[in-house]
Amino acid sequence: RTWSPARSRRVNASRRACLVARFGYINARERLDAETLLRTYISDMETVQRIIYIAAVESFHAAKMAFWKLKRRVRATLALDHTGPESLEDAVLDYIVLHNDLYNVHVSVHEVICCMNMNPKIPFPPGVDFIVIRNLIQELCSVAFSMQTLDPPLDIAVGIDGELFSATKYYRSFDSDFTANFVAYHLWPALMENGVVIVKGEVVTKR
């Protein structure tokens with residue numbers, strides 16, 4: 001395949017658009033499916049929503065760690081005989097995109113569930129195994145991993161309970177107190193590119 005900077009930019013822009021759309025679909029569909037599954041075990045909706053938000057944050061963390069480890073291995077291998085014309089960094093990203101089966105998403109899913117089981121912020125409900133939302137976690141890990149192959153990569157903003165509400169970063173949930181200035185808890189993370197919000201997250205604000 002003939003490499004050119006212009007083609008690389010077009011491919012990157014196309015993949016970026018697809019991944020942003022996929023992130024939106026996960027929010028609109030997979031998140032609600034996960035809520036429905038968890039509600040069969042947990043009656044408190046706030047707890048369910050907090051669990052799903054933590055699952056999203058942990059999924060991105062696990063996927064990014066997996067990407068960095070794989071990137072180091074691929075770079076070390078390609079550096080042995082890389083001659084161009086693209087840079088070694090571009091060659092590494094292209095290789096990972098073309099061989100995305102090298103990413104074992106199931107390992108990341110297991111890591112996410114283990115982290116959630118030990119997370120002190122989750123009031124662990126008896127009899128609930130977070131594997132019930134593995135589909136959501138797997139989708140998030142997959143999209144988060146692919147987002148790391150973009151230039152620049154996409155990431156989520158990790159929110160903190162009690163932070164000042166930002167209209168440029170979040171939507172308020174329908175049941176929020178719209179006069180409240182602080183975030184009570186988070187429902188979905190904002191998607192970021194180079195520190196700029198490209199897709200707003202969702203929060204609950206209360207007094």
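Modeller: One term before the count: a residue is called buried when its relative accessible area is under 20%, exposed when it is over 50%, and partly exposed in between. By that rule, 43% of the 207 residues of the chain count as buried. Keep in mind that this is a predicted model.

Colleague: Fine. How many helices and strands are there in the chain?

Modeller: The chain has 5 helices and 6 strands. Along the sequence the pattern reads α-α-α-α-α-β-β-β-β-β-β.

Colleague: And what box do the C-alpha atoms fill?

Modeller: Roughly 60 × 35 × 25 Å, along the principal axes. Of the contacts with a separation of 6 or more, 69% come from residues 24 or more positions apart.

Colleague: How is the chain divided into domains?

Modeller: Domain 1 covers 5-149 and domain 2 covers 152-206. Their centres, taken over C-alpha atoms, are 20 Å apart.

Colleague: How much area do domain 1 and domain 2 bury between them?

Modeller: About 1,900 Å², with 63% of it on carbon and sulfur atoms. Arg16, Phe23 and Tyr53 supply 33% of what domain 1 buries against domain 2, more than any other three residues. In terms of contacts, 19 residues of domain 1 meet 20 residues of domain 2.

Colleague: What about polar pairs and salt bridges across that interface?

Modeller: The rule finds 5 salt bridges across the interface of domain 1 and domain 2, and 8 residue pairs in polar contact. On the domain 1 side, the elements giving two or more residues are α1 (5-39), α2 (45-78) and α5 (134-147). Helix α2 gives the most, with 9 residues. By type, that side divides into 11 nonpolar, 3 polar and 5 charged residues.

Colleague: Which residue forms a salt bridge with Lys64?

Modeller: Asp155, with the closest N and O atoms 2.8 Å apart.

Colleague: How many salt bridges does a search of the whole structure find?

Modeller: It finds 12. One of them pairs Arg22 with Glu139, at 3.6 Å between the closest N and O atoms. Arg22 is in helix α1 and Glu139 in helix α5, 117 residues apart, so the pair links distant parts of the chain.

Colleague: Are Arg31 and Glu35 buried or exposed?

Modeller: Arg31 is buried at 8% relative accessibility, and Glu35 is buried at 10%. They form a salt bridge with the closest N and O atoms 3.6 Å apart. Both lie in helix α1, 4 residues apart, about one turn of the helix.

Colleague: Where do Asp177 and Arg207 lie?

Modeller: Asp177 is in the loop between β2 (170-172) and β3 (183-188), and Arg207 is in the segment after β6 (201-205), so their pairing ties together parts 30 residues apart in sequence. The closest N and O atoms of that salt bridge are 3.7 Å apart. Asp177 is partly exposed at 27%, while Arg207 is exposed at 73%. Separately, salt bridges that share partners join Glu46, Arg50, Asp161 and Lys206 into one network.

Colleague: Switching to the backbone. What joins Asp151 and Pro152?

Modeller: A cis peptide bond, with omega about 5°. Pro152 sits in the loop between α5 and β1 (154-157). Most peptide bonds are trans, and most residues other than glycine have a negative phi.

Colleague: What is the phi of Asn194?

Modeller: Positive, about 55°, although Asn194 is not a glycine. Asn194 lies in the loop between β4 (190-193) and β5 (196-199), and is exposed, with a relative accessible area of 68%.

Key:
Residues numbered from 1 in each chain as written. Predicted model: local features only at pLDDT ≥ 70, side-chain atom pairs only at ≥ 80, totals over all residues. Heavy atoms only, no water. Domains from an automatic or database assignment. Contact = heavy atoms within 4.5 Å. Buried area = accessible area lost by both parts, 1.4 Å probe. Salt bridge = Lys/Arg side-chain N within 4 Å of Asp/Glu carboxyl O. Polar contact = N/O pair within 3.5 Å; in protein donor to acceptor, adjacent residues only side chain to side chain. Nonpolar A, V, L, I, M, F, W, Y, C, P; charged D, E, K, R; others polar. Buried < 20%, exposed > 50% of the residue type's maximum accessible area, 1.4 Å probe, protein only.
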